[in-house]
Amino acid sequence: MAASAPAQFSKPSAAQQLQLGKQAARELRSKERVLPAGDPRVEVVRRVGRRLLAAMADRTSPWEYSFDVIDSNQINAFALPGGPTFVYTGLLSHLKSEDELAGVMGHELTHVRKEHWAYAYRDQQRNNALLTLGALVFRPSRGVLDAAGLGSTLLLDLPFSRRHETEADQGGMDLMVRAGYNPQGMVDVFQMLNETSKGGRPPEFLSDHPSDSKRIRRMQEQANSMNRNFAPQRPLYFRNGG
Ligand SMILES: [Zn+2]
């Protein structure tokens, strides 16, 4: 029997992505220790964010980016649908250069621009269509917020496909280069994450971003294929230490 259900599952709209992302960001800011705007780590993350946004070609995009730093030992960073982006101090303390930070952030911003969460959500709904996960079924007419009431972490914790990860790597590297960063930073940061995972507990970032040698090789090839000399990576420097 052909299922007619899949046709009704459409990708959440830009407005819905923005709404859900903003709500989840509010929840996060109330639950986690978010560093104040004057903190040197926040200043660096926002400066890199501004540079990446300025380098984007899509000036008319609906997305509303914001950049926050969460004080936590997690080695992690992510962007919510619609643009709110969070970087953890645990990740910052492992980075050597601003270019590495730009690599991670460029990757995350590409997930937002390309609406990867929305596609993953749609696909999950299609896959679940015939299961009895009634509570998870998306009802477009009632809006995303109803579903968000179920717990945004559940909704937002969708794994991106390998294809989307590759797209975020490639798009993120293009973006960081347009913003004047050295693409080697992205290769280095994924290599560092890989190394860190060998010592014991893998970095949280890797649970969503399996970082095997093939992935790193692909990044390295993209960087090499640009066939240019890039400025040396800028050391990541936080005034007052941090
Ligand atoms: Zn990713």
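User: What pattern does the protein follow, read along the sequence?
Analyst: This is a predicted model, in which local features need pLDDT of at least 70, side-chain atom pairs count only at pLDDT 80 or more, and totals for chains, interfaces and linings use all residues. Residues are numbered from 1 along each chain as its sequence is written, and side-chain values use heavy atoms, with hydrogens and water left out. Helices (H or I, at least four residues) and strands (E, at least two) are DSSP runs, numbered from the N terminus. The protein follows α-α-β-β-β-α-α-α-α-α-α-α-α-α.

User: In what order do the three strands of the open sheet stand?
Analyst: Two strands pair if DSSP finds at least two bridges between them. Strands S1 (66–70) and S2 (77–79) each have a single partner strand, so they stand at the edges. The pairing is mixed, and the order is S1-S3-S2.

User: Which residue in S3 is the bridge partner of Ala77?
Analyst: S2 and strand S3 (residues 84–88) run antiparallel, joined by three bridges. In S3, the partner of Ala77 is Val87.

User: At about what angle to S1 does helix H2 run?
Analyst: Axes are lines fitted to C-alpha atoms, for helices over the stretch in contact (heavy atoms within 4.5 Å). Angles run from 0 to 180 degrees between N-to-C directions. Helix H2 (residues 40–55) lies across S1 and S3, and its angle to S1 is about 150°.

User: Which strands does helix H4 touch?
Analyst: Helix H4 (residues 98–113) packs on the sheet. Its direction makes about 30° with that of S2. The strands touched by H4 are S1, S2 and S3.

User: Which residues touch the most other members of the largest nonpolar core?
Analyst: A nonpolar core is a set of buried Ala, Val, Leu, Ile, Met, Phe, Trp, Tyr and Cys residues joined through side-chain atoms within 4.5 Å. Buried means under 20% relative accessible area, exposed over 50%, partly exposed in between (1.4 Å probe, protein chains only). The largest core has 46 residues, and those touching the most other members are Leu52, Leu91 and Leu101.

User: Is Pro40 buried or exposed?
Analyst: Pro40 sits in helix H2. Tyr237 is 197 residues from Pro40 in sequence, yet 8.8 Å away in space, C-alpha to C-alpha. With a relative accessible area of 12%, Pro40 is buried.

User: What percentage of the 242 residues is buried?
Analyst: The protein has 11 helices and three strands. Across its 242 residues, the buried share is 50%.
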